[in-house]
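Let's take a walk through this one together, piece by piece. Have the sequence and the 3D view open as you read.

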Amino acid sequence: MKDIKEVVRQLNDVDWDFAGFVPGSRSGGIHGLHWYPAPFPPSVAGSLIDILGTKGRLFLDPFSGSGVAPIEAWFRGMRAIGVDNNRYAVEICRAKVRLID
């Protein structure tokens with residue numbers, strides 16, 4: 001179990017601005033290959049997973065959209081499940097996973 005004071009310190013140390021994030025740009029890596037109406041900066045997901053996640057554990061995102069958070073968790077050695085009721089979003093995520101795999 002992580003020490004709550006250490007977690008709070010790490011969260012406070014993050015620059016939450018992410019001003020350099022440009023949705024749909026190549027700088028987003030695999031996530032920049034497509035357009036999506038609700039872009040989620042991979043660096044936000046990655047920062048939270050780095051601080052709050054545990055390698056080897058299961059990551060579940062029940063509103064995963066195009067799969068940014070589950071893919072970022074997968075990149076960090078976690079088993080990941082993403083669920084969404086938007087068929088378009090699920091297909092984008094599947095395509096990204098196929099490209100990576």
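Six of the eight residues of helix α3 are buried, so this helix is largely enclosed by the rest of the structure. Keep in mind that what you see is a predicted model. The buried residues in α3 are Val-68, Ala-69, Pro-70, Ile-71, Glu-72 and Ala-73. What do the buried residues of α3 pack against? Their neighbours are helix α2, the strands β1 (58-61) and β2 (79-82), and helix α4. Just past the end of α3, have a look at Gly-77, where phi is positive, at about 85°.

Now let's stay with one of those neighbours, α2. Two packed helices are described by the angle between their axes and the distance between the axes. Here α2 (residues 42-52) and α3 (residues 68-75) pack at an angle of about 50°, and their axes are 9 Å apart. That angle makes α2 oblique to α3. The crossing of α2 past α3 is right-handed. If you zoom in on where they meet, you'll find Pro-42, Ala-45 and Ile-49 on the α2 side, and Val-68, Ala-69, Glu-72 and Ala-73 on the α3 side. How many residues of this contact are nonpolar, polar or charged? Six are nonpolar, none is polar and one is charged.

A bit of helix geometry is handy at this point. An α-helix has 3.6 residues a turn, so residues three or four places apart point the same way. With that in mind, look again at Pro-42, Ala-45 and Ile-49, the α2 residues that meet α3. These three also belong to the buried set of α2, together with Val-44, Gly-46, Ser-47 and Ile-51. The cover over the buried residues of α2 includes α1, β1 and α3.

Next, the loop between β1 and α3 is worth a stop, as Ser-64 lies there. Is Ser-64 buried or exposed? Its relative accessibility is 10%, under the 20% cut-off, so Ser-64 counts as buried. Leaving aside residues up to four places away in sequence, Ser-64 touches Pro-70, Gly-82, Val-83 and Asp-84.

On to the aromatic rings. A search of the whole structure turns up two aromatic pairs. In one of them, Tyr-36 and Tyr-88 have ring centres 6.3 Å apart and ring planes at 10°, so the pair is stacked. Tyr-36 sits in the loop between α1 (4-13) and α2, while Tyr-88 belongs to helix α4 (residues 87-100), so this pair ties together parts that are 52 residues apart in sequence. Tyr-36 counts as buried at 13% relative accessibility, whereas Tyr-88 is partly exposed, at 45%.

The other pair is Trp-74 with Phe-75, whose ring centres are 6.4 Å apart and whose planes are at 15°, so this pair is stacked too. Trp-74 counts as partly exposed, at 36% relative accessibility, and Phe-75 is also partly exposed, at 45%.

Lys-5 is exposed, with a relative accessible area of 68%. How far is it from the C-alpha atom of Lys-5 to that of Ser-43, 38 residues away along the chain? The two atoms are separated by 22 Å.

How values were computed
Residues numbered from 1 in each chain as written. Predicted model: local features only at pLDDT ≥ 70, side-chain atom pairs only at ≥ 80, totals over all residues. Heavy atoms only, no water. Axes fitted to C-alpha atoms, helices over the stretch in contact; angles between N-to-C directions. Helix = DSSP H or I, 4+ residues; strand = E, 2+ residues; numbered from the N terminus. Parallel < 35°, antiparallel > 145°, perpendicular 65-115°, else oblique. Left-handed = near helix turned anticlockwise from the far one by under 90°. Contact = heavy atoms within 4.5 Å. Nonpolar A, V, L, I, M, F, W, Y, C, P; charged D, E, K, R; others polar. Phe/Tyr/Trp six-rings, centres within 6.5 Å; stacked < 30°, edge-to-face > 60°. Buried < 20%, exposed > 50% of the residue type's maximum accessible area, 1.4 Å probe, protein only.
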